[in-house]
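Subject: Structure handover

Hello,

Here is the structure for you to look at. My notes on what was found in it follow below.

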Amino acid sequence: MIMQIAIGWLAYSDGLLADGVHTLADLAADGMVLAVLRLSATAAHRSVNDQYDRYETIGSLLISFLLIATGMETLWSSLGHVASAATTSSVHASALVVAVFVIVAKEALFRYIMSVAKRTRSTLLVASAWHARSDAISALIAAVGILGCMAGLVISDRLAAAIIGIMIARMGFNLGWKAFKDSFDRPASETAGQ
Ligand SMILES: [Zn+2]
């Protein structure tokens, strides 16, 4: 993530920078899931799980708003750069090296998580694995954008950033929608259980 943002910035690649912001958002979301799982595990013998469900909902909604805002901002600034494409500051080759490394790393992560998911029969991990695969595709879009830019089509890097911005916003929308739905489903299932 640090490499993506730093090299994305230094090598003038909007696409790589946008993908780095995506990785940062993933890190925040995964960190929250891990924190909630740990809290729920330690509270398993107490009847305070409902409270942690609420923390999870609030945390998910916060990250969701953050992702939507980040995605829109990425989309907006890359479109702004497309409009002012006269300033032909070409992308440096180091951005391509990082993007390719990220594709390989995230594809490896997909395979590793999927193998653990099968071993532990965890649907949460299966979802997480498919997310890693979509992250690899996002990095692939960044790489194609950088390649196009190096071949002389400066706009392709900005277009890649715009697509990744839409992907970030969509991820935020899905997360927020799920948290929103869950918070309405829960009281219904509690009354059904009584
Ligand atoms: Zn992601």
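**Overall make-up**

Of the 194 residues in the protein chain, 36% are buried. Please keep in mind that this is a predicted model. The chain has 6 helices and 0 strands, and its elements run α-α-α-α-α-α from the N terminus on.

An unreviewed UniProt entry lists residues 20-37, 58-79, 91-114, 135-153 and 159-177 under "transmembrane region". I have values for two of these spans. Residues 91-114 are 92% helix and 0% strand, with their end C-alpha atoms 34 Å apart. Residues 159-177 are 100% helix and 0% strand, and there the end C-alpha atoms lie 27 Å apart.

Asp26 counts as buried because its relative accessibility is 8%, whereas His131, at 28%, counts as partly exposed.

**Salt bridges**

The whole structure holds 3 salt bridges. One of them joins Arg158 and Asp14, whose closest N and O atoms are 3.8 Å apart. This pair links distant parts of the chain, with Arg158 in helix 6 and Asp14 in helix 2, 144 residues apart. Arg158 is buried at 7% relative accessibility, and Asp14 is buried at 15%.

Another is formed by Arg111 and Glu107, with 2.9 Å between the closest N and O atoms. Both residues lie in helix 4, 4 residues apart, which is about one turn of the helix. Arg111 is exposed, with a relative accessible area of 57%, while Glu107 is buried, with 18%.

Glu107 also forms a salt bridge with Arg133, and here the closest N and O atoms are 2.8 Å apart. Glu107 is in helix 4 and Arg133 in helix 5, so the pair ties together parts 26 residues apart in sequence. Arg133 is partly exposed, with a relative accessible area of 25%. Through shared partners, salt bridges join Glu107, Arg111 and Arg133 into one network.

**Aromatic pairs**

There are 2 aromatic pairs in the structure. The rings of Phe110 and Trp130 have centres 5.1 Å apart and planes at 50 degrees, so this pair is tilted. It links distant parts of the chain: Phe110 is in helix 4 (residues 93-120) and Trp130 in helix 5, 20 residues apart. Phe110 is buried, with a relative accessible area of 8%, but Trp130 is partly exposed, with 46%.

Trp177 and Phe180 have ring centres 5.9 Å apart and planes at 25 degrees, so this pair is stacked. These two residues are 3 apart in helix 6 (residues 155-193), a separation of about one helical turn. Both are partly exposed: Trp177 has a relative accessibility of 45%, and Phe180 has 41%.

**Surface patch**

Met1, Ile2, Leu24 and Leu27 make a nonpolar surface patch of about 390 Å². Leu27 is found in helix 2 (residues 14-42) and is exposed, with a relative accessible area of 53%.

Regards

Terms used
Residues are numbered from 1 along each chain as its sequence is written. This is a predicted model: local features need pLDDT of at least 70, side-chain atom pairs count only at pLDDT 80 or more; totals for chains, interfaces and linings use all residues. Side-chain values use heavy atoms; hydrogens and water are left out. Patches are made of residues with over 30% relative accessible area and no salt bridge: like charges are joined within 9 Å, nonpolar side chains (Val, Leu, Ile, Met, Phe, Trp, Tyr) within 5 Å. Accessible areas come from the Shrake-Rupley method with a 1.4 Å probe; for residues, only the protein chains shown count as cover. A salt bridge is a side-chain nitrogen of Lys or Arg within 4 Å of a carboxyl oxygen of Asp or Glu. Buried means under 20% relative accessible area, exposed over 50%, partly exposed in between (1.4 Å probe, protein chains only). UniProt positions are given in the numbering used here, feature names are shortened, and annotations may be inferred rather than shown by experiment. Rings of Phe, Tyr and Trp (its six-membered ring) pair if their centres lie within 6.5 Å; planes under 30 degrees apart count as stacked, over 60 as edge-to-face and the rest as tilted.
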